[in-house]
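Welcome! Here is a short tour of one protein model, written for someone meeting it for the first time.

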Amino acid sequence: MKLSRVCLVFLLVGVFALPTQDLAAKNRSRPHILLIVADDLGYSDVGFHSGAKNSPTPVIDRLAKNGVELTNFYVHPICSPTRAAMLTGRHPIRYGMQFEVIRPYMETGLSLNEVLLPKALKKANYKTVIIGKWHLGHSKKYRPSYRGFDYQYGPHKGAINYYTKKRGGKVDWFRNGKKVTNESGYATNLLGKEAVKIIKEHNKKQPLFMYLPFNAVHKPLNGPPKYNPPYLKGESKKDYQKRVGKKVFRRMIKNMDTNIGRILDALKERKMRNNTLVVFISDNGGHKGLSDNSPFRGYKSDLYEGGIRVISIVNWPSRLKRGKRTQAMHAVDLYPTLLNLVGVSTKKIKKQKPIDGLNIWPTIESNSSLKRDSLLLNVNRYKGAIRSAQWKLYVEFGSCSDGVGRKLVRCKKCNKV
């Protein structure tokens, strides 16, 4: 009798231990994910594109050199639509966010009917963290803590002062939805410090998804502490930008790059780096008058390549060999790609709507062909663009003789459409 009881105990222990063991095994096979989004960083603001001898981005340059660069990666021309596309896998035209950013006076946000990436990743047992700029709705129900994130730190809006953390005279700096007013320091440094803290405290047995959307290098021009020239008496913002703008901007880029380095070092110290998938993109093209978007024409807000074709790097030391991928890809592809990679089927996600993005992981990993006939770049009330193979159609809507409202736009320099 005693023997049978002992056997029964061991049998029960074994049965109840199986799910835990299976979960632990699955967790080990899933990478940590670090999704870094720079704000308004131009295509050639980085050293590996500009060829600058004194590159302001040595860390990002190394990520590109040792990873996979996506040379035809598209986003939307302004930030809120790009962030929405990335986190839903669906074009913003489907839920009315293709027109503009979420302004401070707006009480709306990204539709509550959309399933966001952090919520979907919970099906794979990820801890989900956002450190940085949200910009998808600052009213309570639209905030990150209600959209699938376990932890939040940073601004809800955009274009905050890097020192006061204010926008329009009000502090826009939060931790888990609660306003933080007692923290001094430069915003980019604070975001980097918080990300390092989260990594150092993280339980490595659980996969981590860290979404790191810096507010850098978006205006205002607030250089880091060691390089923040004061305004001259009576000097306007325009004159200040003309006098020191590009130097300050370059220091802002370098400061962001330094903080990315600190975060990667923290992953290495925790022995998490080799199993961390790092994705780096800019949310749109760079500022006119500050950024370098060459070899493309156009800037932020444009549907020319300079406004929507951005830096994109995928780096995973233990899995990816370095190289370049030239096939057209888009921010909407990140959602299905990351979910497929960690074994989450969108078909099993409750209330999941049709996905516009493609799973681009096979192309990233082995350069396999990507079956895409055409790619919607954006369309709003003023203009639209679509790409198919090596061709791109750009249309501006306005009155013209054909009666349809279509106008071919020619470059003033080369006279080409």
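This is a predicted model: local features need pLDDT of at least 70, side-chain atom pairs count only at pLDDT 80 or more; totals for chains, interfaces and linings use all residues.

Residues are numbered from 1 along each chain as its sequence is written, and side-chain values use heavy atoms, with hydrogens and water left out.

**Salt bridges**

A salt bridge here is a side-chain nitrogen of Lys or Arg within 4 Å of a carboxyl oxygen of Asp or Glu. By this rule the count comes to 16 salt bridges.

| Pair | Closest N to O |
|---|---|
| Arginine 83 and aspartate 283 | 2.8 Å |
| Glutamate 194 and arginine 175 | 3.2 Å |

Let us start with the pair of arginine 83 and aspartate 283, whose closest N and O atoms are 2.8 Å apart. Arginine 83 sits in helix 4 (residues 79-88) and aspartate 283 in the loop between strand 11 and helix 8 (305-308), so the pair ties together parts that are 200 residues apart in sequence. Helices (H or I, at least four residues) and strands (E, at least two) are DSSP runs, numbered from the N terminus. Both arginine 83 and aspartate 283 are buried, where buried means under 20% relative accessible area, exposed over 50%, and partly exposed in between (1.4 Å probe, protein chains only). These two residues also belong to a network of salt bridges that links Asp39, Arg83, Lys133 and Asp283.

How do the other two pairs compare with the solvent cut-offs? Glutamate 194 is buried because its relative accessible area is 7%, while arginine 175, at 25%, is partly exposed. In the remaining pair, glutamate 305 is buried at 14%, and arginine 309 counts as buried at 16%.

**A buried serine**

Serine 282 lies in strand 11 (residues 276-282). Its relative accessibility is 0%, so serine 282 counts as buried.

**A positive patch**

Lys247, Arg250, Arg251 and Lys254 form a positive surface patch. Patch residues have over 30% relative accessible area and no salt bridge, with like charges joined within 9 Å. Arginine 251 lies in helix 7 (residues 237-269) and, at 39% relative accessibility, counts as partly exposed.

Key
Patches are made of residues with over 30% relative accessible area and no salt bridge: like charges are joined within 9 Å, nonpolar side chains (Val, Leu, Ile, Met, Phe, Trp, Tyr) within 5 Å. Accessible areas come from the Shrake-Rupley method with a 1.4 Å probe; for residues, only the protein chains shown count as cover. Lys and Arg count as positive and Asp and Glu as negative; His and the chain ends are not counted. The place of a charge is taken as NZ of Lys, CZ of Arg, CG of Asp or CD of Glu.
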